[in-house]
Amino acid sequence: MQNHGNTFIPAYPKSITELMGKYSILQINGSLHKRVHGLIAGFLKSPQFKARITADIENSVKLNLSLWRDMQSPIYVQDETQKITFEVLVKVLMSIDPGEDLNLLKREFEEFIKGLICIPIKLPGTRLYKSLKARERLLKMVGKILEVKKMAMENTNCTQNTIPVKDAMDVLLREGGEQNNETHALPLDFITGNIIEMMIPGEETVPMAMTLAVKFLSDSPVALDKLREENMEFKRQKNKFDSSENYAWTDYMSLPFTQNVISETLRMANIINAVWRKAQRDVEIKGYLIPKGWCVLASFTSVHMDEENYKSPYQFDPWRWEKLEAAVNYNTRFTPFGGGQRLCPGLELSRLELSVFLHHLVTNYRWVAEKDGIVHFPTVKMKRKLPITVTSIST
Ligand code: HEM
């Protein structure tokens, strides 16, 4: 994973490559990949972006959690967390607010991703065909949003600084277009395609991490008590000074046990359990020859569940991170977000979303989870979407 795209490149099953388009960030290599990755990662980790998105995440989490009070039991955590994170994701990528457009986009996107892992036959009626059609409709919808943004930019005779960059689409739209020099600008269809493709790694991962955090905490009452204690104390301290309860992203990041719960959840969840690569030349690793053209599956589960890396790896133990912090080489032993030049640009955003969700969940509700199991293939899911019954905590 640490190579520079000249030894191993991504290689996905045919249904995925068909659906993604050849200029997707997930498939491109070399200098174009470096440019697009750098733009998106730079934007998502900027303090200005995180400050702004924290309020959006809070609004979405608070609104959706408040509805739980009047919902009939059981509440299905997997569905509920998906609502929250989809709202955040489209805000990050193209600033769509909740409403009819968002609902339509969600429906089409769900139809689109159903075909990611399927038999790659492209005939009317097949799964792949339906998903390709959904992709065409998505391209149209996102293309319209892009057109509007482009016109707004042109009408205000925008230079880099006059209209603030609000989302990933803005970032890509402005790239190379400054000083009216359009020659280095990214083509519009490249941008539209990539906005849709960036929804793929962002859409299911964060809600599944939230759902599994609830699952692991339900099975570990001592860890849940400690998490609640830390977050209740944080809430009390905050309310002393500012009863409006608006927290900064740095507040969330400063809760050590909560961060350890998130790391431990990501280690055990293995939401992206592996990545696919293809050898560009003969490669020798630890005495084994991987011939040019062969595919390699870099398994993160094997890393995270290896006793040599983590003692009692199947035990949910957030405290292990207090001891591990200095010792673990994160590049090779903790890889939920991958590594090297393809390291997930949504890493910090995901941790922030998880922190906000856990904070509002444990300070507002107690819950009892029904029996449920985790399915690991082809993607991580709960067998029964994790049904829980909640009771409000009065503070
Ligand atoms: C818990 C949540 C998440 C996990 C576990 C996760 C995991 C990963 C992993 C393992 C990769 C590397 C893939 C590879 O090497 O081929 C990746 C790439 C990527 N992720 Fe995430 N991801 C998460 C959330 C997000 C979010 C919220 C976004 C969107 C805002 C996002 C956007 C991306 C993109 C665009 C890439 C491709 C990067 C590239 O190839 O240059 N991810 N993610």
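Ala 369 stands opposite Ile 388 in S10, a strand being a DSSP run of E of at least two residues and a helix a run of H or I of at least four, both numbered from the N terminus. The model is predicted: local features need pLDDT of at least 70, side-chain atom pairs count only at pLDDT 80 or more, and totals for chains, interfaces and linings use all residues. Residues are numbered from 1 along each chain as its sequence is written.

**Exercise 1.** Work out the order of the strands in the open sheet of three strands.

Solution. Begin with the pairs; two strands pair if DSSP finds at least two bridges between them.
- Step 1: S7 and S10 (residues 387-392) are antiparallel and share five bridges.

**Exercise 2.** Describe how helix H12 (residues 256-269) packs with H16.

Solution. 
- Step 1: The axes are 10 Å apart and the angle is about 120 degrees. Axes are lines fitted to C-alpha atoms, for helices over the stretch in contact, and angles run from 0 to 180 degrees between N-to-C directions.
- Step 2: H12 is therefore oblique to H16; under 35 degrees would count as roughly parallel, over 145 as roughly antiparallel, and 65 to 115 as roughly perpendicular, with the rest oblique.
- Step 3: Thr 258, Val 261 and Ile 262 of H12 meet Arg 351, Leu 354, Ser 355 and Leu 358 of H16, contact being C-beta atoms, placed from the backbone, within 7 Å.

**Exercise 3.** Which residues are closest to the ligand, and how many surround it?

Solution. 
- Step 1: The ligand is surrounded by 23 residues, the closest being Gly 202, Thr 205, Gly 338, Cys 344 and Gly 346. A residue is near a molecule if its C-beta atom, placed from the backbone, lies within 6 Å of it.
- Step 2: H8 (188-203), H9 (205-218) and H16 (347-364) each supply at least two residues of this shell.

Technical notes:
Contact = placed C-beta atoms within 7 Å.
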